[in-house]
Structure formats: structure tokens, C-alpha cells
Amino acid sequence: MPTKSEAYIARSTSLNLEPVTYPDPAPHEVLVDIVAASLCHSDVRASQGTFHMKPPLILGHEGAGYVRSIGSGVTYVKPGDAVILSFASCGSCRRCEAGREPYCERLFPLNFLGEREGEGLQEEIVDTRGEGVKGLFFGQSSLSRVALVRERSCVKVEGEVGREDLRRFASLGCGVQTGAGAIFNIARPPPGSSIAIFGAGAVGLSVLMAAKLTQPGSLILIDNSATKLAMIPSQLLTNVQTINSASLSHHDLIAEIKNRTPDFRGLDYALDCVGHEAVTEAAYWSLDKLGTVLTIGGSATAKPTFSTERTLVYGLTIRGTHQGDSVPRVMIPALIERWRKGEFPFELLLTEFKFEELERAMEEMKAGRVIKPLLVM
């Protein structure tokens, strides 16, 4: 039987909570009763038509809830299971089989085309006019009271979990696992490393929380917004040096960063969570020999320049990452375990809003007055 719901539909000139009707799940689809969905800037860009997937579409790519029903081929979850939703991957290509799901060879169609999969499958998600609306944004389109989700987007929460905790866990599906994964999966800095994080948003602060667990020699957080730096929870800033780069020139910023490292040598790891070319260049020129720049934030227009000679002579590494190289069904349970031990207090990043308050939540996030909005049912 078709399932009726309400979902946030981004159209070319509007973003509204509208009634939608979902068809029965295809063989590898799941219907999930959403308890919460958090926001990141990809939702904002998608709503403005400047992301990979264009309107009209149902937004949302960081959700959590309880499985309502499953398709005939689903084996990973059953009705009633608590799930956290992340990006989709095929699970069968050479990248997925090697445990590199963020680089799945079908990543784009599974996350950004909104097409359902199944032989002869014709049914669409429809609005009140009977017109088709794209779903499956990041495999989930979870800004909906009920979401139609790809099975591979589901991360099952093992054991008992309360509804309040499950709401919090919604925020782990993209930005938080990206930031944490950049440290745990890629940088893996040895104790005593000099680490700088450019950008104090949700991704940057997730990098920060992970980096603090590696016993860094120096840990520096850089942003050009005094407002953003001032609203960071104080317990996250223990043994962290902050730099407000708003009034610093390129050369002055590099000098300030190096001044905060042992013997003024520079950084072992620079993590760019912004994606602006000036930020990426500052990160690069702040490196010590054998240092690494990790680009986590991205922009289609950013074209930073580097010195091939310096890169060669200093043995530097410049590397990008998607999702912090995280395999969701591995990374998300690991982050929950660290949270339960008091090691990874990601809940400090969250500000709750009612599900009906998406517009206000987006405005607060764009204005830099909240770190990560969480819409709760």
C-alpha cells in the first residue's frame, strides 16, 4: 500500500513542507519513520539548486529513525530496527569490496540522481498534484516524517537505544563522520604532532574532537568569524589554540600558525574544512617537511596553487577525502562507542529545532548562530 507522509520539497522558487505519497519499497528499499534529521550546508546548496541534485527534490541526508517496512530483498534490517542514515553505495564494485565505500563507482547515481532501482520499476514519489518528486538524496531524503531509503544507507544501531539518543545519532551520518574520519582513517597522527584545523563549523569541530584524542603536540583551530569561535563550547577548546584570521594577511597567518608550533617548524597536518583557495594555500604553506594537507571542504570554483618544487623537496602530501574515507557501518558505531565513553561529545554541536522550523534552522545556520541544527519530530 502507498504510504503518505510530509516532506520538505525544494522547488526552483520555494522550500515547503508538503504532503507526499511513497510507493511500496522496491526490493532493496526501506521505509523509515524519522525521529530527527540534522542539517549541513549541502542541504542549503541543494535547496538553492547549486548542488549535484536539482529541484524538485526532497531534502535531508543526515537522518535517523525506526524501520517501518522493507522491500522483498532487504536482509540487513527488519521492521522496528533503529537505524542511522548515511550515504549510499553499491556494495559490489571494486572500491566497495575493498572497503572504500566513499569512492563507490556508482556513488553519483545512487546519491544524486534520485532514481529508484528495480526491474521494471515505474512508480515514483508523488506530491498532491500527482507529479513526481525526486527522493533518495544521499540515498535517503530524510527531511520527511517517513523516508524512502536505500538499504545500503542504513546503519543499524545494535542493542537498546532510547529515542533521545537516536535523535542525536542522526547527526553522525555525514559531516561528523567526515571530520572524525579525516583524523582516524587518513591522518592517523602520531602523538606529539602539530595539527591545524581551518574552519570552525560542524566538520571542523568534529576534526577537532578526534584530533584531541591523538595526544597532539600543538592543536590549532582557525576561523575568520569571531562569532563562530565565541560560540564553541568551552570544553572542546581545552588545550586548543585559536586564531581569528579575519584581519591577518596570507603571510601573517602562516607566520602566526608556525609561531604556535615547536621550534616554529610548521604543521605536520593541516585540515582544510572550508575549501576556499586562500585557505587551502595557507594550509599548504604552513606545513613542515613531510607535512600533509587534507582538503575536506570543497568548492567548484576554488583553484589553489602549489609549488611543485616545494612539494617535491619537502616530501609534502596533498590529499582530498570524501566522507573522511568512512565506511558508515564501521565508523558510526565506533563514534557512538567513543561518545558513550565520554571521548567524543558531538552532542555539544547540536541545537534542536522542531521539525516544522526548517526555515528558521537554515537561517540560524547560515548566519553562524548555531553549529549544527537538529530537526526533531
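Predicted model: local features only at pLDDT ≥ 70, side-chain atom pairs only at ≥ 80, totals over all residues.
I began with the strand order and found an open sheet of six strands, which runs β12-β11-β10-β13-β14-β15 with parallel pairing. I then looked up the edge strands, which are β12 (241–244) and β15 (317–320), and I noted that each of them pairs on one side only. Neighbouring strands of this sheet are turned against each other by 15 degrees on average, with direction ignored.

I next followed β10 (residues 194–198) and β13 (residues 267–272), which pair in the parallel sense over four bridges. Looking for the bridge partner that I197 has in β13, I found L271.

Which residues of α12 (residues 358–366) are buried? I listed L358, A361, M362, E364 and M365, counting a residue as buried when its relative accessible area is under 20%. These residues lie on the same side of α12, because they cover an arc of only 165 degrees around the axis. I wrote beside this that an α-helix has 3.6 residues a turn, so residues three or four places apart point the same way.

I also looked up what the buried residues of α12 pack against, and I found β1 (3–10), β2 (15–22), α1 (41–47), β16 (350–354) and β17 (372–376). Finally, I checked what follows α12 and noted G368, whose phi is positive, near 75 degrees.

Definitions and conventions
Residues numbered from 1 in each chain as written. Heavy atoms only, no water. Pairing = 2+ DSSP bridges. Helix = DSSP H or I, 4+ residues; strand = E, 2+ residues; numbered from the N terminus. Axes fitted to C-alpha atoms, helices over the stretch in contact; angles between N-to-C directions. Buried < 20%, exposed > 50% of the residue type's maximum accessible area, 1.4 Å probe, protein only. Arc of directions from axis to C-beta. Contact = heavy atoms within 4.5 Å.
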